[in-house]
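Colleague: Can you take me through the charged side chains in this one? Start with what you count as a pair.

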Amino acid sequence: MPREAEPSNNERAFILEALQEDIRLDGRALESYRDIQLSFGDEYGAADVRLGKTRVLARISSSLTAPFPDRKFDGIFTITTELSPMASPAFEVGRQTETETLLSRLLEVAIRRSSALSTESLCLLAGSKVWSLTATCHILSHHGNLLDSCCIAVLAALQHYRIPDTTVRGEEVVVHSVEERNPVPLAMLHHPLCVTMALFEGGEKLVVDATVREQQCCEAEVVVTANKHGEVCQIAKLGGVPSEALVLLKCVDVAVAKVKELDAVIAKALEKDAANRDIGGLMAELSAENAR
């Protein structure tokens, strides 16, 4: 199985010695993110995130289906990830790596199990017809911190997506096209975001948004998922050396501050996209047509 190229002994020693003096190879502060660029496609529900050289494309798709027998009043929401050799030589087509498994599980807990999306709002006919939403993350370039990039992409795509408007007539569900009715946004309950920190020197130094080389040299990684209100949804420590409780509390404090910054980036990008689409107040006019 292909593996990511390991840093040489000299390279590892150089990175660790620089971090002892609070210096990173790209000149960032220890708790700083790389430059974040977020853009949306022409269609609703497509978000392109660039975190430094790491690039992730998230797409939301929907279809009508029957609900699970034990969840008759809930729609279906799934998250999938696709890692191809185009992103890194360490990934293979058709073979799920440990990185992909871990990425999928952490995204599942961070977004789906934290009830970021109201699945009850996806129910049209109890026990018969519900919306099934799928968020697919395509990893286009891997240069470190895939989890945070994917989380930003999925959350931005969910907020950007518009689901077709429907009318229920007895046991029949009529799905209206964009020409007939303006599609409606999803019911988001909160906006959880992941912040991944690499630990060095026994947890004395926290490095936010680590590059591939920094991840390979770190002693452990801690993932904290929270929303802008300071509510923590998940704390995951991905192997490595044991860490004290005070280190984890420090990670939570750093993550909560960073989540507010990331949420502001997404909100700004959504406002910009809405302004570009709202030519001459067209969106307000379409909303008025729906109301009538």
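Modeller: A salt bridge here is a side-chain nitrogen of Lys or Arg within 4 Å of a carboxyl oxygen of Asp or Glu. Bear in mind that this is a predicted model.

Colleague: How many salt bridges by this rule?

Modeller: The count comes to 14.

Colleague: What does R28 form a salt bridge with?

Modeller: R28 pairs with D209, and their closest N and O atoms are 3.2 Å apart. The two sit in distant parts of the chain, 181 residues apart: R28 in the loop between α1 and β1, D209 in the loop between β12 and α4.

Colleague: Is D209 buried or exposed?

Modeller: D209 is buried, because its relative accessible area is 0%. R28 is buried too, at 12%. Salt bridges with shared partners join D26, R28, R34 and D209 into one network.

Colleague: And what about E214, which residue does it form a salt bridge with?

Modeller: With R24, at 2.8 Å between the closest N and O atoms. This pair also links distant parts of the chain, with E214 in helix α4 and R24 in the loop between α1 and β1. Both residues are buried.

Colleague: Where do E261 and K258 lie?

Modeller: Both are in helix α5, 3 residues apart, about one turn of the helix. E261 is partly exposed at 44% relative accessibility, while K258 is buried at 10%.

Colleague: Switching to the surface: which residues form the negative patch?

Modeller: E201, E204, E219 and E244. E204 lies in the loop between β11 and β12, and counts as exposed because its relative accessibility is 57%.

Methods: Residues numbered from 1 in each chain as written. Predicted model: local features only at pLDDT ≥ 70, side-chain atom pairs only at ≥ 80, totals over all residues. Heavy atoms only, no water. Patch = residues over 30% accessible without salt bridge, like charges linked within 9 Å, V, L, I, M, F, W, Y side chains within 5 Å. Areas by Shrake-Rupley, 256 points an atom, 1.4 Å probe, with all protein chains shown as cover. Lys, Arg positive; Asp, Glu negative; His and termini not counted. Charge placed at Lys NZ, Arg CZ, Asp CG, Glu CD. Helix = DSSP H or I, 4+ residues; strand = E, 2+ residues; numbered from the N terminus. Buried < 20%, exposed > 50% of the residue type's maximum accessible area, 1.4 Å probe, protein only.
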